[in-house]
Amino acid sequence: MGPMGAGKSTIGRLLSLDLDLPFYDSDKVIEERAGTNIPWIFDVEGESGFRERETAAIDDLTQMKNVILATGGGAILKSENRQFLKQRGSVIYLKTSVELQIERTRRDKNRPLLQTEDPTAVLQNLMNIRDPLYQEVCDHVVTTDKRNPKLVVSEIKRVLGL
C-alpha cells in the first residue's frame with residue numbers, strides 16, 4: 001500500500017513474478033467488477049460509491065491466501081480496510097515523496113483526485129492525512145523514491161525474511 005505514484009502496481013507485479021504468486025490490483029478488480037473505469041465510477045457514484053466498491057474488493061482479496069495485493073492509495077481511509085489488511089497479511093508501505101508522485105502521475109487522466117488546478121497541493125494534503133494511517137497499518141516501510149523497482153522488490157523480500 002501507499003500513495004498514488006509510489007509504484008504499488010509495478011512493484012507488486014515484479015514481486016509476484018519473483019515469488020511465483022498471483023498478483024491483484026484492487027483498482028483493476030473494482031473496474032472489472034463494475035465493467036467500467038474508476039473515473040466513471042467517481043463521476044456517477046462519487047467517491048463514497050467508489051470507496052464502498054473498494055472495501056468489498058479488499059475484503060474479498062485479503063481473504064485469499066498467498067497473493068500479492070496492491071491497493072489504491074485511499075483504501076487506507078476506511079477502518080474496515082485497515083482491519084482487513086492488518087489482520088490478514090503482511091503490509092508493506094511503499095513510501096514516496098510528493099515530488100515524485102507529481103512526476104509519475106502528471107499525465108495520468110485516470111486519477112480523479114488529481115484533476116484540479118493544483119495537484120501538488122492535493123497530493124500534499126492527501127499525504128498529511130494518509131501517512132499516519134499507512135504507518136499505523138504497515139508491518140514495514142520501504143521507500144521507492146528514485147529506486148529501481150527490482151531493488152525495491154529485493155528489499156521487500158529481505159524485510160519479509162524471504
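Which loop holds Asp20? In this predicted model, Asp20 sits in the loop between α1 and β1 (23–25).

Asp20 has a positive phi of about 55°, although the residue is not a glycine. Most residues other than glycine have a negative phi. With a relative accessibility of 70%, Asp20 counts as exposed, because the cut-off for exposed is over 50%.

Asn66 is another non-glycine residue with a positive phi, here near 55°. Asn66 belongs to the loop between α3 (38–62) and β2 (68–70). Its relative accessible area is 61%, so Asn66 is exposed.

## Nonpolar cores

The largest nonpolar core has 17 residues. Met1, Ile76, Val91, Tyr93 and Val137 have the most contacts inside this core. Helices α4 (79–88) and α6 (119–137) each supply at least two of its residues, and α6 gives the most, with 6 residues. A second, separate core of 12 residues includes Ala6, Ile11, Leu15 and Val153. In soluble globular proteins, nonpolar side chains tend to be buried together.

Ile76, named above for its contacts in the largest core, can also be described by its neighbours. Apart from residues within four places in sequence, Ile76 is in contact with Met1, Arg82, Arg130, Leu133, Tyr134 and Val137.

## Packing of α4 against α6

The axes of α4 and α6 are 10 Å apart, and the two helices pack at an angle of about 30°. Angles under 35 degrees count as roughly parallel, so α4 is roughly parallel to α6.

On the α4 side the contact involves Arg82, Leu85 and Lys86, which meet Leu133, Glu136 and Val137 in α6. By class, this contact has 3 nonpolar and 3 charged residues, with no polar ones. Arg82 of α4, and Leu133 and Val137 of α6, take part in this contact; Arg82, Leu133 and Val137 are also among the residues touching Ile76.

## Packing of α1 against α7

Helix α1 (residues 8–19) packs with α7 at an angle of about 60°, and their axes are 9 Å apart. The two helices are therefore oblique to each other. Their crossing is right-handed.

From α1, the contact is made by Thr10, Ile11, Leu14, Leu15, Asp18 and Leu19. From α7, the residues are Pro149, Lys150, Val152, Val153, Ile156 and Lys157. The residues of this contact divide into 8 nonpolar, 1 polar and 3 charged. Ile11, Leu15 and Val153 take part in the contact, and these residues are included in the second core.

Glu155 is placed in helix α7 (residues 149–159). Its relative accessibility is 19%, so Glu155 counts as buried, the cut-off being under 20%. Not counting residues up to four places away in sequence, Glu155 touches Val141, Val142 and Arg147.

Asp131 lies in helix α6. At 18% relative accessibility, Asp131 also counts as buried, because its value is under 20%. Leaving out residues up to four places away in sequence, Asp131 touches Tyr93, Lys95 and Leu126. Lys95 is 36 residues from Asp131 along the chain, and their C-alpha atoms are separated by 8.7 Å. Tyr93, one of the residues touching Asp131, is also one of those with the most contacts inside the largest core.

Terms used. Residues are numbered from 1 along each chain as its sequence is written. This is a predicted model: local features need pLDDT of at least 70, side-chain atom pairs count only at pLDDT 80 or more; totals for chains, interfaces and linings use all residues. Side-chain values use heavy atoms; hydrogens and water are left out. Helices (H or I, at least four residues) and strands (E, at least two) are DSSP runs, numbered from the N terminus. Buried means under 20% relative accessible area, exposed over 50%, partly exposed in between (1.4 Å probe, protein chains only). Contact means heavy atoms within 4.5 Å. A nonpolar core is a set of buried Ala, Val, Leu, Ile, Met, Phe, Trp, Tyr and Cys residues joined through side-chain atoms within 4.5 Å. Axes are lines fitted to C-alpha atoms, for helices over the stretch in contact, and angles run from 0 to 180 degrees between N-to-C directions. Angles under 35 degrees count as roughly parallel, over 145 as roughly antiparallel, 65 to 115 as roughly perpendicular and the rest as oblique. A crossing is left-handed if the near helix is turned anticlockwise from the far one by less than a right angle, and right-handed if clockwise. Ala, Val, Leu, Ile, Met, Phe, Trp, Tyr, Cys and Pro count as nonpolar, Asp, Glu, Lys and Arg as charged, and the others, Gly among them, as polar.
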